[in-house]
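Hi there,

I'm passing a structure on to you, with some notes to read beside it. Have a look at it first, then carry on below.

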Amino acid sequence: RFFLRRIFTKKELSYCFARKSSGPHLAARLCGKEAVIKACSGLGMVDISYNTIEILNNRYGVPMVTIKKQIPKIIVQLSLSHTKETAIAFALAVYHDPYAK
């Protein structure tokens, strides 16, 4: 469990272990964190680690990304998918300026 706590937040672990099969949910979130790191690195955010990213679903089941110490002008959208054997994630990180016209 120490390994899991180094990668996942308490809320993520609670969500995954509340499922009948936690493995695919953990794998999808791990893929998601890797995708978020890669997407953000393209925008110059290079000091992101797994445990600073939190992926939780909103009330509609959409994965929402929170990054501790995130630059406010970057928004990350994430798609997760998994089967019993495989997991995949796609992340898109974009600059967002609420004051731009």
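Strand β4 (residues 87-95) gives the largest share of the nonpolar patch, 3 residues; strands are DSSP runs of E, at least two residues, numbered from the N terminus. This is a predicted model, in which local features need pLDDT of at least 70 and side-chain atom pairs count only at pLDDT 80 or more, while totals for chains, interfaces and linings use all residues. Residues are numbered from 1 along each chain as its sequence is written, and side-chain values use heavy atoms, leaving out hydrogens and water.

The patch is made by Ile 75, Phe 90, Leu 92 and Val 94 and covers about 350 Å². Patch members have over 30% relative accessible area and no salt bridge, and nonpolar side chains are joined within 5 Å. A salt bridge is a Lys or Arg side-chain nitrogen within 4 Å of an Asp or Glu carboxyl oxygen. Areas come from the Shrake-Rupley method with a 1.4 Å probe.

Phe 90 sits in strand β4 and counts as exposed because its relative accessibility is 57% (exposed is over 50%, buried under 20%, partly exposed in between). Glu 85, in the loop between β3 (74-82) and β4, is exposed too, at 69%. Its C-alpha atom is 7.3 Å from that of Pro 24, 61 residues apart along the chain.

How many disulfides are there? The count is 0, with a disulfide taken as two cysteine sulfur atoms within 2.5 Å. The sulfur of Cys 16 is 12 Å from the closest cysteine sulfur, in Cys 31, so it is too far for a bond. For Cys 40, the nearest cysteine sulfur, again that of Cys 31, is 16 Å away. Cys 16 is buried, at 0% relative accessibility, and Cys 40 is buried at 0% as well.

Happy exploring!

Conventions. Buried < 20%, exposed > 50% of the residue type's maximum accessible area, 1.4 Å probe, protein only. Patch = residues over 30% accessible without salt bridge, like charges linked within 9 Å, V, L, I, M, F, W, Y side chains within 5 Å. Helix = DSSP H or I, 4+ residues; strand = E, 2+ residues; numbered from the N terminus.
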